[in-house]
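Good morning, and thank you for coming. Please look at the structure on the screen while I take you through it.

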Amino acid sequence: MLLETPFHPRTAALCRSSRWRNWSGCAAALSYEPGHEYEYYAVRNGSALFDVSPLRKYEVTGPDAAALVDRVVTRNVFRCAEGRVLYTPWCDEAGKLIDDGTVQRLGADTFRITAADPCLRWFQDCALGMDATVRDVTLDLAALALQGPTSRDILARLVTGADTRSLPYFALVQGSIGPAPVTITRTGYTGDLGYEIWVPTNHGLDVWDALIETGRGYGLAPAGLDALDVARIEAGLLLKEVDYVSSWAALIESRKSSPYEAGLGWTVQPRPGRDFVGRRALEREAAKPSDWALAGLEADWPGIEKRFAAVGLPPLVAGRASRDAVPIYERGGRAAGRQIGYVTSATFSPILKKYIALATIRREFASPGSRIEIELTVEFVRHKVPARVVETPFFDPARKRT
Amino acid sequence: MARKYDAIVIGGGHNGLVHAAYLARAGLDVCVLEARPLVGGATVTEEIFPGFKYSVFSYVVSLMRPEIIRELDLPRHGLAILPLDSTLTPLPDGGRLYRDADHHRTWREIARFSIRDAEAYDEYGRSLFYMARAVKHLLGIAPPDPARLRPGDIRGLLGLARHFLDLEPDQLHLLVKLMTMSAADFVDEWFETDVLKATLSASGIIGTFLGPRSPGTAYVLLHHYMGEIDGHFRAWGFARGGTGAVANAIASAAREAGAEIRTDAPVARVLVSNGRATGVALANGDELHASVVSSSLDPHRTFLDLVDADELPGDLVSAVRGYRFRGSSAKVNLALDAAPDFTCMPGHGPHLRGAVSISPSIDYLERAYDDARYGDYSREPYIDIVIPSAIDPGMAPPGKHVMSCFVQYAPYQLREGTWDEKREAFGDTVVDTLARYIPNLKDIILHRQIVTPLDIERTTGLTQGNIFQGELTPSQLFFLRPATGYAGYRTPVRGYYQCGSGTHPGGGIMGAPGKLAASRVLADLGRQRGRRRGR
């Protein structure tokens with residue numbers, strides 16, 4: 001039995017595809033139209049409106065709120081000013097990833113954390129001996145992501161009591177949309193110009209309706225998870241349980257990943273005197289790096305086309321993003337054909353016209369320019385096609401930050 | 001005229017049948033002797049009331065070893081295990097805790113009581129997965145005895161040491177806790193919600209004369225989590241046709257392999273000559289001869305009833321006399337004119353296809369035990385319910401239902417009176433308890449069968465009505481089951497073996513004792529043949 005999000009009366013009426021996915025126990029549209037192309041292009045060309053209410057939300061308050069959040073996450077929270085937002089993972093004692101999300105500093109002693117999965121017990125247990133309170137506000141807050149080049153103009157027309165037009169990347173502001181009090185964060189999961197809007201559940205539909213109404217002149221489209229998946233791969237953003245497995249969900253050690261192994265080494269910010277969960281293990285790993293790393297891959301598109309052409313077909317991989325793991329092999333040399341990793345997410349990028357992938361790969365092959373081969377199945381026959389390691393994000397428009 | 005077999009198996013319960021099937025597959029001429037008119041022992045389906053089929057004793061399946069199902073090809077012999085994946089715990093105030101295979105829904109159900117518990121539930125499940133994985137190895141080996149150190153024991157112990165040293169330290173620590181703690185204390189390490197703790201720890205009291213706060217019950221809880229269906233630990237299922245279908249499938253496999261199965265053939269004693277088993281004498285005076293005799297009966301019957309005490313060493317006799325049976329469970333089987341209507345989840349719904357547990361709080365369970373401690377049945381008992389007809393329509397006429405109620409505590413030894421005198425009053429207590437959660441129950445009962453521990457003992461022969469052939473507490477497990485020095489399926493009488501749930505790894509419809517004992521018998525026979533060839 002799936003829960004309905006606060007926006008369900010609107011999303012259900014719009015969902016002509018009847019394609020839904022179970023996202024954290026909620027019904028979430030995969031696409032509103034039978035195909036997701038239009039919704040994808042809304043992200044890159046107009047604005048896309050995503051219902052992201054199933055995200056878990058926690059509020060941390062109290063004199064030790066900052067100290068608690070700083071103890072939990074890998075990034076240095078004391079460097080996060082009021083009105084700013086951090087993206088950060090958090091780890092267990094062994095330095096393995098538990099989850100990732102954003103930390104919003106709403107006030108000196110007030111934070112809001114988003115997570116993919118339930119973490120209340122962990123945050124509360126980490127608060128032992130601290131004067132800080134953690135509350136699960138998942139059901140109190142509805143959430144929308146407004147993503148795309150026109151999102152700034154739409155919000156500027158709607159939001160009162162705050163200047164969203166000059167809101168910097170990873171900053172937040174409180175204001176209103178009609179009668180609804182909202183928190184606007186300049187964040188998102190698409191790698192484009194975009195915002196996320198956090199609103200008390202009972203005001204959710206007011207905000208949805210206002211956005212749809214005003215968005216009409218700005219190419220706004222409600223969009224589902226299929227379009228989001230393509231956009232987030234282009235942005236090089238990880239998806240929990242796809243690109244990495246939470247240490248809580250992993251039944252065996254080898255499935256777990258550290259931030260370093262997941263390409264999130266930059267979020268590990270130790271400084272003298274700072275003690276966060278997993279620090280010692282991560283310091284050991286920093287001194288003696290793991291064999292594994294995350295890499296962005298770009299497959300040789302002509303090579304793929306050729307494999308399909310050989311059986312008389314167009315390249316059929318240009319559909320949806322794929323979450324099926326695919327082996328990566330060493331290319332050339334004496335160990336050619338040895339498996340050296342696996343693709344975790346892959347998609348044809350409509351904006352780049354390239355076949356791109358996120359992969360977990362042996363560190364010695366993870367540097368940009370490294371040439372490897374990935375598995376490709378064409379008409380039930382497995383082939384290897386050349387690919388090379390590239391920098392992520394694959395797609396990184398200037399408007400994202402400016 | 002005395003017929004000569006290679007092997008005689010005493011008792012046609014599921015372990016006796018598994019044992020016979022493996023011996024027959026190895027080419028032995030095998031005969032199974034069952035006292036009752038039907039095979040199965042405590043694994044039977046009987047139509048006590050016309051049109052309604054009761055799984056009279058044992059009622060759900062999980063522990064049946066997958067390798068036995070595969071090797072004996074039981075699906076081909078008719079075994080189908082249907083999923084049973086929800087548990088409803090109704091509360092006296094009309095509330096409920098409902099858990100099923102829908103992970104997020106279960107999360108939300110628990111979160112109504114405590115978000116922390118909802119989050120801890122996954123971690124608890126993972127921990128028990130690790131524990132089940134750790135002990136799974138033990139289910140497939142004969143227990144080596146650390147005190148004896150024969151070559152086989154040393155090999156076994158080294159294997160075990162390697163196995164346990166491979167565990168993560170946290171997991172090894174947890175395993176030690178499981179072996180020593182009470183079920184209530186164990187679940188207390190994760191949860192704060194009383195009804196959740198009570199329902200989880202209820203698995204720890206089944207078949208034992210202990211309360212949820214008694215040390216040792218955490219292991220029993222694990223024992224109920226070790227089962228696997230299609231590779232998934234903890235999965236419980238219901239055999240299509242009732243549990244008797246499990247026994248019938250095994251019997252069919254045994255017969256196909258050449259075993260002969262005789263029903264209405266109670267065994268009076270095992271024939272022993274010069275310290276060696278030579279056959280059995282039936283109650284009707286007939287004698288059957290074989291050089292291998294395996295008893296699937298419990299240790300009391302196997303050692304104290306079937307052979308003369310002077311054939312056995314004194315330490316074994318006294319160990320078996322001290323072995324704890326202490327039957328504490330009863331069954332009430334009901335034929336219903338309509339579906340039971342629960343106050344907390346009215347009407348029809350998927351909850352009827354799962355288990356229902358009357359275990360509203362730890363105190364409730366502990367109080368139920370308090371009554372039993374002093375020789376009374378529980379005034380408000382723990383009851384584990386399944387409604388087989390909601391899972392398998394063949395169990396009752398259309399629109400009607402059968403309801404299987406496992407009840408605890410019903411102590412074998414009553415302080416006052418006899419079970420024959422108290423049977424109906426006990427049945428009333430159970431129905432009254434249920435009616436608090438199922439208001440329409442009394443109006444829809446067409447027939448009830450009350451199975452007291454005394455009835456279990458009389459019908460199946462299980463001493464004191466203990467469903468596991470002896471309590472599954474740590475002091476009666478592994479190389480201690482049934483007695484130190486006699487845990488390897490052999491007995492001091494050469495050619496006489498034990499293959500029932502009173503041996504490692506214990507009770508439940510598992511089949512492992514029967515299979516492991518068959519390996520012992522076949523290895524011994526191979527050794528003898530080898531020796532003969534060597535001469």
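Let me begin with a definition: the radius of gyration is taken here over C-alpha atoms, and the rule for a globule is 2.2 Å times the number of residues to the power 0.38. Please keep in mind that this is a predicted model.

I turn to chain B. What radius of gyration does chain B have, and what would a compact globule have? For 535 residues the rule gives a value near 24 Å, and chain B has 23 Å, so the two agree. Of its 535 residues, 55% count as buried. Among the contacts in chain B with a separation of 6 or more, 73% are between residues 24 or more positions apart.

Next, some details of the backbone. As background, most peptide bonds are trans, and most residues other than glycine have a negative phi. Where in chain B is the bond cis? One such bond joins Arg481(B) and Pro482(B), with omega about 0°. Pro482(B) sits in the loop between α17 (453-460) and β20 (496-498). Another cis bond runs from His504(B) to Pro505(B), again with omega near 0°. Pro505(B) belongs to the loop that lies between β20 and α18 (512-534).

As for phi, Asp73(B) is not a glycine, yet its phi is positive, at about 55°. This residue is found in the loop between α2 (66-71) and β5 (81-83) of chain B. Is Asp73(B) buried, exposed or partly exposed? It has 13 other C-beta atoms within 10 Å, and therefore counts as partly exposed.

Because Phe170(A) has 16 C-beta neighbours inside 10 Å, it is partly exposed.

Finally, the domains of chain A. The chain is divided into domain 1 (8-54 + 138-223), domain 2 (57-137 + 258-287) and domain 3 (292-399). The centres of domain 1 and domain 2 of chain A, taken over C-alpha atoms, are separated by 26 Å. Nine residues from domain 1 and eight residues from domain 2 take part in their contact. On the domain 1 side, the residues divide into five nonpolar, three polar and one charged.

Definitions and conventions: Residues numbered from 1 in each chain as written. Chains lettered and ligands numbered in written order. Predicted model: local features only at pLDDT ≥ 70, side-chain atom pairs only at ≥ 80, totals over all residues. Buried ≥ 20, exposed ≤ 12 C-beta atoms within 10 Å, placed from the backbone. Contact = placed C-beta atoms within 7 Å. Helix = DSSP H or I, 4+ residues; strand = E, 2+ residues; numbered from the N terminus. Domains from an automatic or database assignment. Nonpolar A, V, L, I, M, F, W, Y, C, P; charged D, E, K, R; others polar.
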